[in-house]
Every structure is written in C-alpha cells, then in structure tokens.
Amino acid sequence: VCKNLQHLDLHCCNGYSERGVMELVRGCIKLQNIVISENSRRVVTPLAGLIWEHLRPGLEISVEPCELGYDILS
C-alpha cells in the first residue's frame, strides 16, 4: 500500500470494489481525496463512504460523471 498516496481518482475506472478501496483507505494514511464515478454508485454504497470518512477524518469523496466512450481500463 502507498502510505504517501494523497489523491485517488477512480472516476473513469471499472473493476474496483468497495473492499479494494477500503484497503487503500486503511493503508494510505495521508489519503485526502477519492474521486469515484456516478456509475460506481452500484459498487460503492453510502455506508462504505461513511466508513471511509470515519477511518480518514477529513477525507473528501467526490462523485464525477464519466464521459461515454472513455474508460482507461477498457
């Protein structure tokens, strides 16, 4: 885990899970911001967001639209 990671942008990525992001939140002690996509709402529950914020007080979780046809992992 990258302990110095401060920003994590997943908003146009597929294939990540709530559990995977949870492990990053736990291990990345300097994490300040996570960007997820509107589409990830089916993957990331509101409860997970609350847990992430509890583990990392001050963590900002942003939800961004992902443009159609743009996916870096496809």
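Which residues of the largest nonpolar core touch the most other members?

## Nonpolar core

This is a predicted model. Its largest nonpolar core has 15 residues. Tyr16, Val21, Leu31, Ile34 and Trp52 touch the most other members. Helix H1 (18-27), strand E2 (33-37) and helix H2 (46-55) each supply at least two residues of this core. H1 gives the largest share, three residues.

In soluble globular proteins, nonpolar side chains tend to be buried together.

## Helix H1 and Val21

Four residues of H1 are among the buried ones: Val21, Met22, Val25 and Gly27. The buried residues of this helix pack against E2 and H2. An α-helix has 3.6 residues a turn, so residues three or four places apart point the same way.

What does Val21 contact, once neighbours within four places in sequence are left aside? Its partners are Leu10, Tyr16, Ile34 and Trp52.

Three strands make an open sheet. Their order is E1-E2-E3, and the pairing is parallel. Strand E1 (7-9) and strand E3 (60-64) stand at the edges. Each has a single partner strand, so one side of each lacks a neighbour in the sheet. From one strand to the next, the twist averages 15°.

Five bridges join E2 and E3 in the parallel sense. Asn33 stands opposite Glu60 in E3.

Key. Residues are numbered from 1 along each chain as its sequence is written. This is a predicted model: local features need pLDDT of at least 70, side-chain atom pairs count only at pLDDT 80 or more; totals for chains, interfaces and linings use all residues. Side-chain values use heavy atoms; hydrogens and water are left out. A nonpolar core is a set of buried Ala, Val, Leu, Ile, Met, Phe, Trp, Tyr and Cys residues joined through side-chain atoms within 4.5 Å. Buried means under 20% relative accessible area, exposed over 50%, partly exposed in between (1.4 Å probe, protein chains only). Contact means heavy atoms within 4.5 Å. Two strands pair if DSSP finds at least two bridges between them. Axes are lines fitted to C-alpha atoms, for helices over the stretch in contact, and angles run from 0 to 180 degrees between N-to-C directions.
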